[in-house]
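Q: I would like to go through this model with you. Could we begin with its pockets and then turn to other features?

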Amino acid sequence: MSEFVRLLTLDEVGAGVERRIAANAEERAALAARFDLRALDRLEAALTAAPAPGGVRVTGRVEGDAMQACVTSGEDVPARIDEPVELLFLHDLGQGEEIELHEGDCDVLPIEGRSIDLGEVAAQTFGLALDPYPHADAEVLAAARRRLLSEEEAAEREAAEKAQANPFAALKRSS
């Protein structure tokens, strides 16, 4: 089951229907875990569902704010997503039949049951728009490097001080 469920029944589509949806704190926490995010502060969508030959066309936008981890340093990398949505949900995909899509075509998905999960549409659109290899900017990486070097220097100083405070350290070094 999806972490962010917003079902739209096929009966509600009629001549067309607009929905604005937003994930609550609990849903955002579950989605952050699903997408391996440090935080998901906002996920919302404005979607329109309209009848289409053989199914329903869903269009709109998904927006969100998240925090990812830099793949090289582990530092925080903010992610702002503003992604268009255009999907075609079909009743019958012709079991085993291939559907040929052209560059301008939207993605085609099956209608399962009597509803479409707009929350899952938003979640998947958001997840696909995230940078799979986020990198912190140069300034953040430089600050992390300085902090790491400072921590290493402090650890070396502390080890040297402990060695000097131990009267047997000199004997250990000479053997």
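Predicted model: local features only at pLDDT ≥ 70, side-chain atom pairs only at ≥ 80, totals over all residues.

Q: How do the lining residues divide into nonpolar, polar and charged?

A: The lining of the largest pocket has 12 nonpolar residues, 3 polar ones and 6 charged ones.

Q: Let us take α3, then. What should its 12 residues span, and how far apart are its end C-alpha atoms?

A: At 1.5 Å a residue, α3 should span 16 Å. Its end C-alpha atoms are 17 Å apart, which agrees.

Q: Why is α3 described as largely enclosed by the rest of the structure?

A: Because 9 of its 12 residues are buried, where buried means under 20% relative accessible area. The buried residues of α3 are L118, G119, E120, V121, A122, A123, T125, F126 and G127.

Q: What caps the N-terminal end of α3?

A: D117 does: one of its side-chain oxygens lies 3.0 Å from the backbone nitrogen of G119.

Q: Changing topic, how many salt bridges are there?

A: The count comes to 12 salt bridges. One of them joins the side chains of R114 and D11, at 3.3 Å from N to O. R114 lies in the loop between β6 and β7, and D11 in helix α1 (residues 10–13), so this pair ties together parts that are 103 residues apart in sequence.

Q: Are R114 and D11 buried or exposed?

A: R114 is exposed, and D11 is exposed as well.

Q: Which residues does R42 pair with?

A: The side chain of R42 meets that of E44 in a salt bridge at 3.0 Å, N to O. R42 also forms a salt bridge with E63, at 3.3 Å, N to O. Because R42 lies in strand β3 (residues 39–52) and E63 in strand β4 (residues 55–69), the latter pair ties together parts that are 21 residues apart in sequence.

Q: What is the relative accessibility of R42, E44 and E63?

A: R42 counts as partly exposed at 22% relative accessibility, and E44 counts as partly exposed at 31%. E63 is partly exposed too, with a relative accessible area of 26%.

How values were computed:
Residues numbered from 1 in each chain as written. Heavy atoms only, no water. Nonpolar A, V, L, I, M, F, W, Y, C, P; charged D, E, K, R; others polar. Helix = DSSP H or I, 4+ residues; strand = E, 2+ residues; numbered from the N terminus. Expected span 1.5 Å × (residues − 1). Buried < 20%, exposed > 50% of the residue type's maximum accessible area, 1.4 Å probe, protein only. Polar contact = N/O pair within 3.5 Å; in protein donor to acceptor, adjacent residues only side chain to side chain. Salt bridge = Lys/Arg side-chain N within 4 Å of Asp/Glu carboxyl O.
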